[in-house]
Amino acid sequence: RCLSRLTLRLMAGGFYHWLELVQSKREVMAKVWADQREYETKLVRAERFILALKHRTLHGGFNLWASNWRRNKQHRKRIAAVVGRIANRAIHSALDTWLEAVEQLKSQRRRLQACLTRMS
């Protein structure tokens, strides 16, 4: 009976030793995986930085184009407004000239009518 207890203790000790080894291996592997993920994250960041540095001139060119496009759009609106005002002036001038001619013809008709009524 003593011998069986001794063998059980030895076996239990071996099992607990094995369990500690497994747990320490798990902890080491978890740390290795965390380090690997951190390394990959840093690598991705570095690649993004290098690509951004590489495409900086392209991005700057695009931003310049977009800025010029907005400015030209504003200029087109202003020019269209000015041309519209000029066209309206020309239309109003022609309308005013026509109205003056109509008023003059009315006046001349009234005078002619008055003269004809006096003569008859």
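Two salt bridges are found in this structure, which is a predicted model. One of them joins Asp-35 to Lys-31, and another joins Lys-42 to Glu-38. The chain that carries them is built from two helices, with zero strands. Its radius of gyration is 49 Å, well over the 14 Å that the globule rule gives for 120 residues, so the chain is more spread out than a compact globule.

**The salt bridge of Asp-35 and Lys-31**

- Between Asp-35 and Lys-31, the closest N and O atoms are 3.2 Å apart.
- Both Asp-35 and Lys-31 belong to helix 1, where they sit four residues apart, or about one turn of the helix.
- Asp-35 is partly exposed, as its relative accessible area is 37%.
- Lys-31 counts as exposed, because its relative accessibility of 52% is over the 50% cut-off.

**The salt bridge of Lys-42 and Glu-38**

- Here too you can look for a pair in helix 1: Lys-42 and Glu-38 are four residues apart, a separation of about one helical turn.
- The closest N and O atoms of Lys-42 and Glu-38 lie 3.2 Å apart.
- Lys-42 has a relative accessible area of 52% and is exposed.
- Glu-38, with 41% relative accessibility, counts as partly exposed.

**A nonpolar patch**

- Val-28, Met-29, Val-32 and Trp-33 together make a nonpolar surface patch of about 390 Å².
- Met-29, one of the residues in this patch, is found in helix 1, which covers residues 2-54.
- The relative accessible area of Met-29 is 33%, so this residue is partly exposed.

**The chain as a whole**

- If you follow the C-alpha trace along its principal axes, the chain spans about 160 × 40 × 10 Å.
- Glu-103 and Leu-10 give another view of these distances: they are 93 residues apart in sequence, and from C-alpha to C-alpha they are 129 Å apart in space.
- Glu-103 has its place in helix 2, which runs over residues 56-119.
- With a relative accessible area of 45%, Glu-103 is partly exposed.

**Surface and charge**

- Of the 120 residues in the chain, 1% are buried, where buried means under 20% relative accessible area.
- The accessible surface of the chain comes to about 11800 Å².
- Carbon and sulfur atoms account for 64% of that accessible surface.
- The chain has 25 positive and 9 negative charges.
- The mean position of the positive charges and that of the negative charges are 8 Å apart.

Terms used. Residues numbered from 1 in each chain as written. Predicted model: local features only at pLDDT ≥ 70, side-chain atom pairs only at ≥ 80, totals over all residues. Heavy atoms only, no water. Rg over C-alpha atoms; globule rule 2.2 N^0.38 Å. Buried < 20%, exposed > 50% of the residue type's maximum accessible area, 1.4 Å probe, protein only. Areas by Shrake-Rupley, 256 points an atom, 1.4 Å probe, with all protein chains shown as cover. Lys, Arg positive; Asp, Glu negative; His and termini not counted. Charge placed at Lys NZ, Arg CZ, Asp CG, Glu CD. Patch = residues over 30% accessible without salt bridge, like charges linked within 9 Å, V, L, I, M, F, W, Y side chains within 5 Å. Salt bridge = Lys/Arg side-chain N within 4 Å of Asp/Glu carboxyl O.
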